[in-house]
Amino acid sequence: MWHVGPHHPAEVVAGSAAWLGRGLSCVCVQRRDSDASNSFDLTLAQEECLQRLQRRIDVPYDSSIIEHQDALRALWNAAFPEEELHGLISEQWKEMGWQGKDPSTDFRGGGFISLENFLYFARNFPKSFQDLLRKQEGDRSVWEYPFAVAGVNITYMLIQMLDLEAVKPRNLVGATFLKFLAENESAFDLLYCITFKLMDHQWLSMRASYMDFNAVMKATRRQLEKEILVEDITRLEDLPSYKLLSR
């Protein structure tokens, strides 16, 4: 659980409302025009895959939509199958590392895709998902990162790193990722799983505490970019960090 005391100012706590609001409010509102001049050329298949992914990114979480409510319930059931959820607004959500009793306020940063990322992780790598949720591996800090808020941050970081809000990617990492995406429609979700596990690995190796969360995220991004740009990598399953995941 994330602890913020009077001597831990909210603005320095990665995962606080202040930090989330400042860092995560722009995921779904950036413009995609006038930025194609310095971009990489794409194949038709890559362009179509990118547009489909961008449509997913553009969907905000909306608690009035039944599909979104069902997805949120499914996330709870995947996380805590032995515990009944008493309502979509409940103090129980704090057990998962949401900031309050209504996760929809935290999803504003990452949109519905961040919920889809969580569900993909829980369904495809349940052991790693549970290990991270329950902080079961390694010598843990007294001041741990909140699982759920970290997950939303990872979705946001990947969107920025891969330049997915541009008409076409303007960096080599984003262009390279689209080759993976053209081969695997779930490449973004899979990269999310790899990133979450890598972030926790970095957290442990850096012996990090809550004040170090931003530094851990930067180290995670640097390592991911390095792995993605290795020449003979043709699919995400070949990334060295993929080996950290277990089903």
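Accessible areas come from the Shrake-Rupley method with a 1.4 Å probe. On this basis the chain exposes about 11600 Å², and carbon and sulfur atoms supply 51% of that area. The structure is a predicted model, and the values reported here were computed from it. Of the 247 residues of the chain, 52% count as buried.

The chain contains 10 helices and 0 strands. Read along the sequence, its elements follow the pattern α-α-α-α-α-α-α-α-α-α. Among contacts between residues at least 6 apart in sequence, 71% join residues at least 24 apart.

Helix α8, residues 172–183, packs with helix α9, residues 187–205, at an angle of about 115°, and the two axes lie 9 Å apart. On the α8 side the contact is made by F177, F180 and L181, and on the α9 side by A187, F188 and L191. By class, this contact of α8 with α9 has 6 nonpolar residues, with no polar and no charged residues.

Two residues within helices were considered next. N117 lies in helix α5. N117 has a relative accessibility of 0% and therefore counts as buried, since the cut-off for buried is under 20%. Not counting residues up to four places away in sequence, N117 touches R56, T155, F188, D189 and Y192. Of these partners, F188 also takes part in the contact of α8 with α9, on the side of α9.

H68 is located in helix α3, which spans residues 66–79. With a relative accessible area of 3%, H68 is buried. Leaving aside neighbours within four places in sequence, H68 is in contact with V59, P60, Y61, D62, F112 and L115. Helix α5 covers residues 112–124, so the partners F112 and L115 of H68 fall within the range of α5.

Several residues in loops were also found to be buried. G109 is in the loop between α4, residues 104–107, and α5. Its relative accessible area is 6%, and G109 is therefore buried. G109 and T155 are 46 residues apart in sequence, while their C-alpha atoms are 9.1 Å apart in space. T155 is also one of the residues touched by N117.

K135 has a positive phi of about 50° although it is not a glycine. This residue lies in the loop between α6, residues 126–133, and α7, residues 147–161. K135 has a relative accessible area of 16%, so it counts as buried. D163 likewise is not a glycine and has a positive phi, of about 55°. D163 is placed in the loop between α7 and α8. Because its relative accessible area is 11%, D163 counts as buried.

On the surface, F40, L172 and L229 form a nonpolar patch. Together these three residues have about 250 Å² of accessible area. L229 is situated in the segment after α10, which comprises residues 213–228. At 37% relative accessibility, L229 counts as partly exposed, because partly exposed residues lie between the cut-offs of under 20% for buried and over 50% for exposed. Residue 172, the position of L172 in the patch, belongs to helix α8.

Note on methods. Residues are numbered from 1 along each chain as its sequence is written. This is a predicted model: local features need pLDDT of at least 70, side-chain atom pairs count only at pLDDT 80 or more; totals for chains, interfaces and linings use all residues. Side-chain values use heavy atoms; hydrogens and water are left out. Helices (H or I, at least four residues) and strands (E, at least two) are DSSP runs, numbered from the N terminus. Buried means under 20% relative accessible area, exposed over 50%, partly exposed in between (1.4 Å probe, protein chains only). Contact means heavy atoms within 4.5 Å. Patches are made of residues with over 30% relative accessible area and no salt bridge: like charges are joined within 9 Å, nonpolar side chains (Val, Leu, Ile, Met, Phe, Trp, Tyr) within 5 Å. A salt bridge is a side-chain nitrogen of Lys or Arg within 4 Å of a carboxyl oxygen of Asp or Glu. Axes are lines fitted to C-alpha atoms, for helices over the stretch in contact, and angles run from 0 to 180 degrees between N-to-C directions. Ala, Val, Leu, Ile, Met, Phe, Trp, Tyr, Cys and Pro count as nonpolar, Asp, Glu, Lys and Arg as charged, and the others, Gly among them, as polar.
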